[in-house]
Each structure stands twice: as structure tokens, then as C-alpha cells.
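Student: I'd like a close look at one part of this model, please. Could you take me through the aromatic residues and what surrounds them?

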Amino acid sequence: MKAMKYSGYYLFATGVIHNFIGLMLGWSSLIGMHQDGWLFSTVVNGQMAFDREAISWFLISGTFWMLFGLMLQKALNEGFIPPLSLGWGFIAIGITIAVIMPISGAYLFIVQGVILLMGSSSNKTLVST
């Protein structure tokens with residue numbers, strides 16, 4: 001499937017969108033962290049500041065998706081055929097997130113999982129014949 005050959009780029013774009021939204025929604029928390037000097041800036045007055053922890057993990061996960069997307073794209077460019085479990089995993093993650101947070105980017109993972117499943121299945125058929 002031709003769409004699968006760009007799956008890494010799709011995943012990278014998902015990470016970029018994720019971090020852009022995170023920066024917009026978490027900007028005030030990031031400003032507070034900056035004003036506190038970054039080091040231990042998620043702890044305020046001896047208590048964990050959930051908004052600061054959340055934006056940190058939000059941006060870390062978006063960055064992970066970008067890095068994983070670049071790695072996946074390099075592997076695809078070198079002829080790697082992703083296992084079906086990767087596609088099913090993306091679909092499972094997407095459905096779980098969509099149930100918990102229906103207004104989110106979860107649907108991007110479902111679409112990407114379907115693309116991976118279709119691409120992996122068609123490539124395995126081609127390879128085995």
C-alpha cells in the first residue's frame with residue numbers, strides 16, 4: 001500500500017501537532033516553570049504541581065512520537081515491513097483514547113493503524129508470493 005510508505009511522516013506530523021497544541025494550552029504552566037528555573041519546577045511548595053507534570057509529559061510524548069516517526073520512516077525507506085502488531089497497537093491506543101477523550105487526536109492513531117495494517121498485510125502477501 002502506497003500510503004504506508006509515508007507512515008513515519010504521518011506519525012512525525014502527529015507529534016508536531018500534539019506538541020503545538022501542548023504549547024498553546026500549557027504555555028502558562030511552562031512560563032511558571034521557566035520563572036522557577038526549570039530544575040524541580042514541577043514541585044511547588046513541596047507539592048507536585050499537576051499542571052506542570054501534565055504539560056511536561058504531554059510534550060515528552062509528542063517528542064517521542066516525532067522521534068518514533070523518524071525512525072519508522074527510515075526503516076520503511078530501507079524496506080522494513082512493520083509487524084501487524086504495530087498497526088493493531090495503534091488502533092487499540094486510538095480507540096482507548098477516543099473512548100476516554102472523544103475530542104482529541106486519537107483518531108489519527110486509528111487511521112495510522114489502519115494504514116499500517118493494510119500496508120503490512122499487502123506487503124506480506126507480495127513477499128510470500
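Tutor: Happy to. Let's begin with a cut-off: a residue counts as buried when its relative accessible area is under 20%, as exposed when it is over 50%, and as partly exposed in between. Please keep in mind that this is a predicted model.

With that cut-off, phenylalanine 68 is buried, because its relative accessibility is 18%. Tryptophan 65, at 15% relative accessibility, is buried as well. Phenylalanine 64 is partly exposed, since its relative accessible area is 46%.

Now to the rings themselves. A pair of aromatic rings is described by the distance of the centres and the angle of the planes. Searching the whole structure gives seven aromatic pairs. One of them joins phenylalanine 64 and tryptophan 65: the ring centres lie 5.3 Å apart and the planes meet at 65 degrees, so this pair is edge-to-face. Phenylalanine 64 also pairs with phenylalanine 68, and here the rings are stacked, with 5.9 Å from centre to centre and 10 degrees between the planes. Why are these two phenylalanines about one helical turn apart? Phenylalanine 64 and phenylalanine 68 are separated by about one helical turn because they sit four residues apart in helix α2. Taken as a group, Phe64, Trp65, Phe68, Phe90 and Phe109 form one aromatic cluster.

In soluble globular proteins, nonpolar side chains tend to be buried together. The largest nonpolar core here has 11 residues: Met4, Leu11, Trp65, Phe68, Leu72, Leu76, Leu86, Phe90, Phe109, Ile115 and Leu116. Helix α2 gives the largest share, with four residues.

Take leucine 76, a member of the core. Once its neighbours within four places in sequence are set aside, leucine 76 is in contact with Met4, Lys5, Ser7, Gly8 and Pro82. Serine 7, from that list of contacts, belongs to helix α1. Serine 7 is buried, because its relative accessibility is 3%. Not counting residues up to four places away in sequence, serine 7 touches Leu72, Gln73, Leu76, Gln112, Ile115 and Leu116. Among the core residues are Leu72, Leu76, Ile115 and Leu116, and serine 7 touches each of these.

Leucine 70 is found in helix α2, and it is partly exposed, with a relative accessible area of 45%. Leaving out residues up to four places away in sequence, leucine 70 touches Gly8 and Phe12. For a sense of distance, the C-alpha atoms of leucine 70 and asparagine 19 are separated by 16 Å, and the two residues are 51 residues apart along the chain.

Phenylalanine 58 is partly exposed, with a relative accessible area of 31%. Together with Ile17, Phe20, Ile21, Met24, Leu25 and Leu108, Phe58 forms a nonpolar patch on the surface, and the patch has about 680 Å² of accessible area. Helix α1 (residues 7-35) contributes the largest share of the patch, with five residues.

Finally, let's look at charges. Side chains of opposite charge can pair when their charged atoms come close. The whole structure contains two salt bridges. In one, the side chains of arginine 52 and aspartate 36 meet at 2.6 Å, N to O. Since arginine 52 lies in helix α2 and aspartate 36 in the loop between α1 and β1, this pair ties together parts that are 16 residues apart in sequence. Arginine 52 is buried, with a relative accessible area of 10%, whereas aspartate 36 is partly exposed at 43%. Serine 41, in the loop between α1 and β1 (43-44), is in contact with Met33, Asp36 and Arg52 when its neighbours within four places in sequence are left aside. Serine 41 is buried, because its relative accessibility is 3%. The other salt bridge links lysine 74 and glutamate 78, with the closest N and O atoms 2.7 Å apart. Glutamate 78 is exposed, at 60% relative accessibility.

Conventions. Residues numbered from 1 in each chain as written. Predicted model: local features only at pLDDT ≥ 70, side-chain atom pairs only at ≥ 80, totals over all residues. Heavy atoms only, no water. Core = buried A, V, L, I, M, F, W, Y, C linked by side-chain atoms within 4.5 Å. Buried < 20%, exposed > 50% of the residue type's maximum accessible area, 1.4 Å probe, protein only. Contact = heavy atoms within 4.5 Å. Patch = residues over 30% accessible without salt bridge, like charges linked within 9 Å, V, L, I, M, F, W, Y side chains within 5 Å. Areas by Shrake-Rupley, 256 points an atom, 1.4 Å probe, with all protein chains shown as cover. Salt bridge = Lys/Arg side-chain N within 4 Å of Asp/Glu carboxyl O. Phe/Tyr/Trp six-rings, centres within 6.5 Å; stacked < 30°, edge-to-face > 60°.
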